[in-house]
Amino acid sequence: MDFRALVKEYAEGPISRHLILGLLHEYQSPNDKISELIKNKELISIRRGLYVIGPKIDLPSPEPFLIANHLRGPSYVSLESALSYWNIIPERSYEISSVTLKTSKTYKTPVGRFSYRHLKTPYYSYGLKSVAYSNKQTIIIASPEKAICDKIVLTAGINLRSISQTRALLLEDFRMDIEVLRTLDTQAIEAWIENAPKKNSLKTLIQTLIAL
(Lines give C-alpha, C1' and ligand atoms only; values in the text may rest on other atoms or scores of the structure.)
Protein backbone atom coordinates (compact mmCIF):
# COMPACT_ATOMS: atom_id res chain seq x y z
CA MET A 1 0.00 0.00 0.00
CA ASP A 2 1.36 3.45 -1.02
CA PHE A 3 1.81 5.60 2.10
CA ARG A 4 2.14 8.71 -0.04
CA ALA A 5 -1.34 8.17 -1.48
CA LEU A 6 -2.76 7.50 1.98
CA VAL A 7 -1.33 10.63 3.56
CA LYS A 8 -1.60 13.07 0.63
CA GLU A 9 -4.79 14.71 1.90
CA TYR A 10 -3.21 15.49 5.28
CA ALA A 11 0.38 16.32 4.29
CA GLU A 12 0.10 20.11 4.66
CA GLY A 13 -0.38 19.92 8.41
CA PRO A 14 1.11 18.14 11.42
CA ILE A 15 -0.33 14.64 11.63
CA SER A 16 -1.29 12.89 14.86
CA ARG A 17 -0.33 9.32 15.63
CA HIS A 18 -4.03 8.52 15.98
CA LEU A 19 -4.65 9.63 12.38
CA ILE A 20 -1.68 7.69 11.04
CA LEU A 21 -2.79 4.54 12.84
CA GLY A 22 -6.17 4.97 11.18
CA LEU A 23 -4.58 5.34 7.75
CA LEU A 24 -2.50 2.21 8.35
CA HIS A 25 -5.36 0.11 9.70
CA GLU A 26 -4.87 -2.58 7.06
CA TYR A 27 -1.34 -3.29 8.26
CA GLN A 28 -0.95 -6.14 10.74
CA SER A 29 1.51 -4.05 12.81
CA PRO A 30 0.85 -0.35 12.14
CA ASN A 31 3.19 0.72 14.96
CA ASP A 32 6.04 -1.16 13.29
CA LYS A 33 5.14 0.54 9.99
CA ILE A 34 5.34 3.96 11.66
CA SER A 35 8.83 3.11 12.94
CA GLU A 36 9.81 2.03 9.42
CA LEU A 37 8.47 5.27 7.92
CA ILE A 38 10.49 7.32 10.43
CA LYS A 39 13.64 5.30 9.72
CA ASN A 40 13.17 5.83 5.96
CA LYS A 41 12.61 9.59 6.50
CA GLU A 42 9.13 9.39 5.02
CA LEU A 43 7.80 10.60 8.37
CA ILE A 44 9.41 12.94 10.91
CA SER A 45 8.54 12.87 14.61
CA ILE A 46 8.41 16.41 16.02
CA ARG A 47 7.19 15.35 19.46
CA ARG A 48 5.53 12.32 20.99
CA GLY A 49 2.41 11.53 18.96
CA LEU A 50 2.87 14.28 16.33
CA TYR A 51 4.54 14.03 12.93
CA VAL A 52 5.15 15.83 9.64
CA ILE A 53 5.81 14.36 6.22
CA GLY A 54 9.48 13.67 5.57
CA PRO A 55 11.66 14.75 2.63
CA LYS A 56 11.46 11.35 0.97
CA ILE A 57 7.80 11.99 0.14
CA ASP A 58 7.23 14.58 -2.58
CA LEU A 59 4.30 16.43 -1.03
CA PRO A 60 3.74 19.98 0.28
CA SER A 61 4.84 20.22 3.89
CA PRO A 62 3.37 22.41 6.64
CA GLU A 63 4.76 25.91 7.17
CA PRO A 64 6.88 26.32 10.33
CA PHE A 65 4.31 28.73 11.81
CA LEU A 66 1.58 26.11 11.39
CA ILE A 67 3.79 23.51 13.04
CA ALA A 68 4.30 25.96 15.92
CA ASN A 69 0.53 26.34 16.37
CA HIS A 70 0.11 22.57 16.67
CA LEU A 71 3.25 21.63 18.56
CA ARG A 72 2.04 23.25 21.79
CA GLY A 73 -1.52 24.45 21.83
CA PRO A 74 -3.32 26.60 22.36
CA SER A 75 -0.69 29.02 21.12
CA TYR A 76 -0.03 31.73 18.57
CA VAL A 77 3.14 32.92 16.82
CA SER A 78 4.44 36.16 18.33
CA LEU A 79 7.54 38.05 19.54
CA GLU A 80 10.48 38.10 17.08
CA SER A 81 8.79 35.69 14.66
CA ALA A 82 5.68 37.83 14.31
CA LEU A 83 7.67 41.09 14.33
CA SER A 84 9.74 39.74 11.44
CA TYR A 85 6.66 38.48 9.58
CA TRP A 86 5.09 41.96 9.72
CA ASN A 87 8.40 43.57 8.63
CA ILE A 88 8.73 45.48 11.89
CA ILE A 89 12.25 44.15 12.49
CA PRO A 90 14.79 43.22 9.79
CA GLU A 91 16.04 40.00 11.38
CA ARG A 92 14.86 36.55 10.36
CA SER A 93 15.06 34.08 13.23
CA TYR A 94 15.55 30.34 12.84
CA GLU A 95 13.66 29.83 16.10
CA ILE A 96 9.89 30.19 15.94
CA SER A 97 8.66 32.19 18.96
CA SER A 98 5.13 31.71 20.26
CA VAL A 99 2.90 32.54 23.21
CA THR A 100 0.85 29.84 24.94
CA LEU A 101 -1.65 29.41 27.74
CA LYS A 102 0.45 26.47 28.94
CA THR A 103 3.77 26.65 30.74
CA SER A 104 6.80 28.03 28.90
CA LYS A 105 8.76 25.42 26.96
CA THR A 106 11.23 24.99 24.11
CA TYR A 107 11.22 22.16 21.56
CA LYS A 108 14.27 21.19 19.52
CA THR A 109 12.92 19.20 16.58
CA PRO A 110 14.32 17.87 13.27
CA VAL A 111 12.40 20.69 11.51
CA GLY A 112 13.52 23.55 13.75
CA ARG A 113 13.52 25.05 17.21
CA PHE A 114 10.24 26.27 18.70
CA SER A 115 9.97 28.33 21.89
CA TYR A 116 6.82 29.14 23.88
CA ARG A 117 6.23 31.79 26.54
CA HIS A 118 3.30 31.74 28.93
CA LEU A 119 0.65 34.47 29.18
CA LYS A 120 -2.70 34.44 30.94
CA THR A 121 -6.19 35.20 29.67
CA PRO A 122 -7.86 37.48 28.86
CA TYR A 123 -4.76 39.37 27.62
CA TYR A 124 -3.60 36.24 25.78
CA SER A 125 -6.62 36.29 23.46
CA TYR A 126 -6.31 39.89 22.28
CA GLY A 127 -4.96 40.88 18.87
CA LEU A 128 -4.81 37.50 17.16
CA LYS A 129 -5.01 37.12 13.39
CA SER A 130 -5.67 34.17 11.11
CA VAL A 131 -3.44 34.14 8.03
CA ALA A 132 -4.06 31.69 5.17
CA TYR A 133 -0.93 30.25 3.57
CA SER A 134 -2.93 27.90 1.38
CA ASN A 135 -6.36 26.27 1.23
CA LYS A 136 -5.22 23.81 3.89
CA GLN A 137 -2.89 25.98 5.97
CA THR A 138 -4.13 28.79 8.21
CA ILE A 139 -1.87 30.03 10.98
CA ILE A 140 -2.66 32.00 14.12
CA ILE A 141 -0.29 34.92 14.64
CA ALA A 142 -0.15 38.05 16.78
CA SER A 143 -1.13 41.28 15.07
CA PRO A 144 1.71 43.81 14.70
CA GLU A 145 0.39 45.67 17.74
CA LYS A 146 0.10 42.53 19.86
CA ALA A 147 3.56 41.30 18.87
CA ILE A 148 5.11 44.55 20.11
CA CYS A 149 3.10 44.45 23.33
CA ASP A 150 4.13 40.82 23.90
CA LYS A 151 7.77 41.76 23.34
CA ILE A 152 7.55 44.47 25.99
CA VAL A 153 5.50 42.39 28.42
CA LEU A 154 7.71 39.29 28.16
CA THR A 155 11.14 40.93 28.11
CA ALA A 156 12.57 40.98 31.61
CA GLY A 157 13.74 44.32 32.94
CA ILE A 158 11.70 46.53 30.63
CA ASN A 159 9.92 49.32 32.53
CA LEU A 160 8.97 52.15 30.17
CA ARG A 161 8.70 55.54 31.85
CA SER A 162 9.23 58.13 29.11
CA ILE A 163 8.72 58.68 25.40
CA SER A 164 12.43 59.21 24.79
CA GLN A 165 13.33 55.98 26.57
CA THR A 166 10.67 54.03 24.65
CA ARG A 167 11.65 55.53 21.29
CA ALA A 168 15.26 54.49 21.88
CA LEU A 169 14.17 50.99 22.86
CA LEU A 170 12.01 50.51 19.77
CA LEU A 171 14.28 52.11 17.17
CA GLU A 172 17.77 51.46 18.52
CA ASP A 173 17.61 48.37 20.73
CA PHE A 174 14.91 46.46 18.86
CA ARG A 175 15.73 48.04 15.45
CA MET A 176 12.05 48.43 14.57
CA ASP A 177 10.99 50.17 11.36
CA ILE A 178 9.67 53.64 12.20
CA GLU A 179 7.45 53.78 9.10
CA VAL A 180 5.69 50.55 10.09
CA LEU A 181 5.37 51.74 13.70
CA ARG A 182 3.60 54.87 12.48
CA THR A 183 0.86 52.72 10.91
CA LEU A 184 -0.04 50.84 14.10
CA ASP A 185 -3.46 51.04 15.76
CA THR A 186 -2.89 52.57 19.19
CA GLN A 187 -6.60 52.35 20.00
CA ALA A 188 -6.36 48.56 19.84
CA ILE A 189 -3.55 48.58 22.39
CA GLU A 190 -5.54 50.98 24.56
CA ALA A 191 -8.42 48.49 24.62
CA TRP A 192 -6.14 45.74 25.99
CA ILE A 193 -4.46 47.68 28.79
CA GLU A 194 -7.01 47.05 31.54
CA ASN A 195 -6.23 43.32 31.47
CA ALA A 196 -2.57 43.52 30.42
CA PRO A 197 0.67 43.01 32.36
CA LYS A 198 2.97 46.06 32.56
CA LYS A 199 0.08 48.49 32.13
CA ASN A 200 2.21 51.61 32.63
CA SER A 201 4.78 50.46 30.09
CA LEU A 202 2.07 49.87 27.50
CA LYS A 203 0.58 53.30 28.19
CA THR A 204 3.99 54.81 27.54
CA LEU A 205 4.24 52.73 24.36
CA ILE A 206 1.00 54.24 23.11
CA GLN A 207 2.21 57.77 23.83
CA THR A 208 5.44 57.03 21.98
CA LEU A 209 3.73 55.57 18.92
CA ILE A 210 1.45 58.62 18.69
CA ALA A 211 4.48 60.93 18.93
CA LEU A 212 6.48 59.22 16.16
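Begin where the two domains meet: 11 residues of domain 1 are in contact with 11 residues of domain 2, contact meaning heavy atoms within 4.5 Å. To see the two parts, colour residues 3-53 as domain 1 and residues 64-211 as domain 2, bounds that come from an automatic or database domain assignment. What you are viewing is a predicted model, in which local features need pLDDT of at least 70 and side-chain atom pairs count only at pLDDT 80 or more, while totals for chains, interfaces and linings use all residues. Residues are numbered from 1 along each chain as its sequence is written, and side-chain values use heavy atoms, with hydrogens and water left out.

**The interface between the domains**

The centres of domain 1 and domain 2, taken over C-alpha atoms, are separated by 33 Å. Together the two domains bury about 890 Å², with 65% of that area on carbon and sulfur atoms; buried area here is the accessible area, found with a 1.4 Å probe, that two parts lose on being put together, summed over both. Now select Glu12, Pro14 and Ile46, which supply 57% of the area that domain 1 buries against domain 2, more than any other three residues.

How many salt bridges are there between domain 1 and domain 2? The count is zero, where a salt bridge is a side-chain nitrogen of Lys or Arg within 4 Å of a carboxyl oxygen of Asp or Glu.

Next select β2 (43-47) and β3 (50-53), each of which supplies at least two residues of the side of domain 1 that touches domain 2. Helices (H or I, at least four residues) and strands (E, at least two) are DSSP runs, numbered from the N terminus. Of the elements on that side of domain 1, β2 gives the most, with four residues.

**Tyr51**

Stay in strand β3 and select Tyr51, which has its place there. Is Tyr51 buried or exposed? Tyr51 counts as buried because its relative accessibility is 4%, and buried means under 20% relative accessible area, exposed over 50%, and partly exposed in between (1.4 Å probe, protein chains only). Show the side chain of Arg17 as well, and you will find that a polar contact of 2.4 Å joins it to the side chain of Tyr51. Leaving aside neighbours within four places in sequence, the residues in contact with Tyr51 include Pro14, Ile20, Ile34 and Leu43.

Lys151 forms a salt bridge with Glu80, the closest N and O atoms being 2.4 Å apart. This pair links distant parts of the chain, with Lys151 in helix α6 and Glu80 in helix α5, 71 residues apart. Lys151 is buried, with a relative accessible area of 13%, whereas Glu80 is partly exposed at 28%.

For another salt bridge, select Glu36 and Lys33, whose closest N and O atoms are 3.4 Å apart. Both residues lie in helix α3 (residues 30-39), three residues apart, about one turn of the helix. Glu36 counts as partly exposed at 39% relative accessibility, while Lys33 counts as buried at 13%.

**Backbone details**

Most residues other than glycine have a negative phi, and most peptide bonds are trans. With that in mind, select Gly73 and Pro74, which are joined by a cis peptide bond with omega about 0 degrees; Pro74 is in the loop between α4 (64-71) and β4 (75-77). A cis peptide bond also joins Thr121 and Pro122, and Pro122 is in the loop between β7 (112-118) and β8 (128-134).

Finish with Leu79 in helix α5 (residues 79-85), whose phi is near 55 degrees, a positive value in a residue other than glycine. Leu79 is buried, with a relative accessible area of 6%.

Terms used. A polar contact is a pair of N or O atoms within 3.5 Å; within protein, one must be able to donate a hydrogen and the other to accept it, and residues adjacent in sequence count only if both atoms are side-chain atoms.
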